[in-house]
Amino acid sequence: MKKSKALTSRRSEIQNIYQCYSSSSGGNTLAASALLRFLHMEQMEAAANQETAEGLIDRYEIEETAKENRTMTFEGFYRYMESKDCRVFDQIHTSVYQDMDQPLCHYFISSSHNTYLTGDQLVGKSTLDAYVSALRRGCRCLEIDCWDGPGAEPVVYHGHTLTSKILFKDVIATVEQHAFEVSPYPVILSLENHCTPTQQDVMAHYLTSILGEKLLATSLDLITQPGQLPSPNKKKAAVVAETLSNLVVYTKSVKFHSFGHAREHQQYYENTSLGEKKAHKLVKTSAPDFVQHNMGFITRIYPAGSRTLSSNYNPQEFWNVGSQLVALNFQSLGLPMDLNNGRFQDNGGCGYVLKPFFLRAKQWGFNPNGYRHNLKPAHLLLKVISGSNLPVPRSGKALDPFVRVEIHSVHSDSCRRHTDTVRHNSLSPRWDSAMNFTISVPDLSLIRFTVRDQTGLTSEFIGQYTLPFTSMKKGYRWVPLLSREGYSLDPASLFIFIWYS
């Protein structure tokens with residue numbers, strides 16, 4: 001009984017939901033039929049049936065009498081509400097569920113800039129661990145800056161800087177070992193080649209000898225459409241080189257002149273790399289042409305050279321025009337990498353996310369800069385109810401927390417709203433704050449929850465969680481919180497209600 005009282009006092013909001021449905025079933029426990037009604041009415045689980053409800057009882061109820069009677073006590077209901085079945089992220093999306101037989105240019109592909117660096121662009125340390133970390137986070141496009149090294153051994157570092165150097169052959173060996181630990185889909189090696197012909201031959205030797213059959217060195221014309229890039233599925237255990245002409249098959253890098261020039265001259269197996277400033281200008285002035293271009297060709301975006309501290313741009317504006325390889329500095333913390341991690345936790349975290357249909361269908365004429373998109377908008381009601389076990393700062397002072405909800409999408413949809421501040425409550429702050437959003441392009445939108453501590457006129461970051469709108473479950477859900485570094489702050493979480501049409 002004491003345990004029950006402790007639970008109810010800490011999460012009275014869940015108790016209220018439980019009592020509403022248990023009382024309707026005429027007892028102190030929740031009958032399977034009442035649980036099913038809750039799944040239909042509140043969780044919007046239309047496919048749920050009696051078997052679903054009884055399965056939840058078997059999974060989360062530990063009191064034998066209740067299980068035998070096919071009912072659920074509050075403790076069982078509480079376990080269910082705190083489980084992955086009630087997590088805000090759709091559990092179906094934790095596995096690969098999208099069509100993986102589209103051409104490569106039809107996917108957003110998780111991409112890293114200057115992957116070898118663990119710090120800034122001037123004196124930062126280059127390490128093999130940086131490649132391992134990126135691959136384990138689902139990255140599928142790695143950058144390798146190659147320069148002549150002593151003893152005819154090519155080295156990898158940020159040229160003309162004081163960043164440390166690592167051997168090219170060690171980088172390739174690391175890629176060979178870790179490329180497919182978390183994803184079976186192709187890895188693209190973006191080789192920024194500054195080597196002399198002699199050391200280029202050494203690079204080619206290491207690529208072929210170390211990667212062996214994993215290196216895609218011949219065309220897949222027999223199993224793909226003529227004049228079209230292959231799909232991620234066409235050759236899974238594949239590593240694709242982006243330079244060294246004799247090894248390039250599908251990602252030959254060419255200079256970008258204009259969209260008109262590309263239509264006339266660019267081949268389907270050629271791709272272009274654009275600095276963020278040039279890409280930003282093209283988004284502003286020629287977004288529809290940019291969208292059309294990215295339906296047939298792969299475009300890589302990389303941070304400006306002026307970002308010497310390895311800061312990042314906002315990747316959303318380049319996803320909005322369908323750019324596939326939006327490369328970020330994975331070692332840097334903050335909003336851009338939160339958005340990248342949120343985008344690519346979709347589709348099983350495999351590093352490939354199928355672009356929305358209007359970024360693949362040439363007849364659609366999508367313009368992310370417009371205000372009318374001829375798409376069905378989503379009307380979102382999001383209620384931030386409460387928090388639980390928020391991390392206390394080193395000072396030990398109780399937080400004054402509030403929650404900010406951000407929509408990252410096309411410009412006309414992007415906005416943010418926040419709850420009021422709750423004073424001196426880190427354990428169980430209660431907000432009960434309802435927010436309404438109209439999202440005209442839901443298939444491109446990311447939702448970011450941020451918990452902040454109000455400290456006078458400013459506020460400090462506590463935790464965040466980002467996910468695609470299309471991966472968000474309806475109903476009463478809990479939101480896990482992550483640290484600035486991307487680590488779980490479990491058991492810290494938010495409790496919310498979501499409805500959209």
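Okay, a definition to start: a residue is buried when its relative accessible area is under 20%, exposed when over 50%, and partly exposed in between, using a 1.4 Å probe and protein chains only. By that rule Phe366, at 2% relative accessibility, is buried, and so is Phe358, at 1%.

Quick housekeeping. This is a predicted model, where local features need pLDDT of at least 70 and side-chain atom pairs count only at pLDDT 80 or more, while totals for chains, interfaces and linings use all residues. Residues are numbered from 1 along each chain as its sequence is written, and side-chain values use heavy atoms, with hydrogens and water left out.

Back to those two Phe residues. Rings of Phe, Tyr and Trp (its six-membered ring) pair if their centres lie within 6.5 Å; planes under 30 degrees apart are stacked, over 60 edge-to-face, and the rest tilted. That gives 22 aromatic pairs. Phe358 and Phe366 have ring centres 4.6 Å apart and planes at 40°, so this pair is tilted. Tyr476 and Phe495, on the other hand, are stacked, with 5.9 Å between centres and 15° between planes. Tyr476 sits in strand β20 (residues 475-482) and Phe495 in strand β21 (residues 488-500), so the pair ties together parts 19 residues apart in sequence. Helices (H or I, at least four residues) and strands (E, at least two) here are DSSP runs, numbered from the N terminus. Both Tyr476 and Phe495 are buried.

There's also an aromatic cluster, with Tyr18, Phe38 and Tyr80 among its members.

Now, charges over rings: that's NZ of Lys or CZ of Arg within 6 Å of the ring centre and within 35 degrees of the ring normal. Lys165 has its charged end over the ring of Tyr157, 4.7 Å from the centre. Lys474 does this over the face of Tyr500, at 4.7 Å from the ring centre.

Last stop, the largest pocket. On a 1 Å grid over the protein atoms alone, a pocket is an open set of points where a 1.4 Å probe fits, with protein on both sides within 12 Å along at least five of seven lines; lining residues have an atom within 4 Å of a point. How many residues line the largest pocket? There are 22, and Asn341, Gly342, Phe344, Gln345 and Leu482 lie nearest its centre. Helix α13 gives the largest share of that lining, five residues. And α13 itself is mostly covered, with eight of its ten residues buried, including Gly342 and Phe344.
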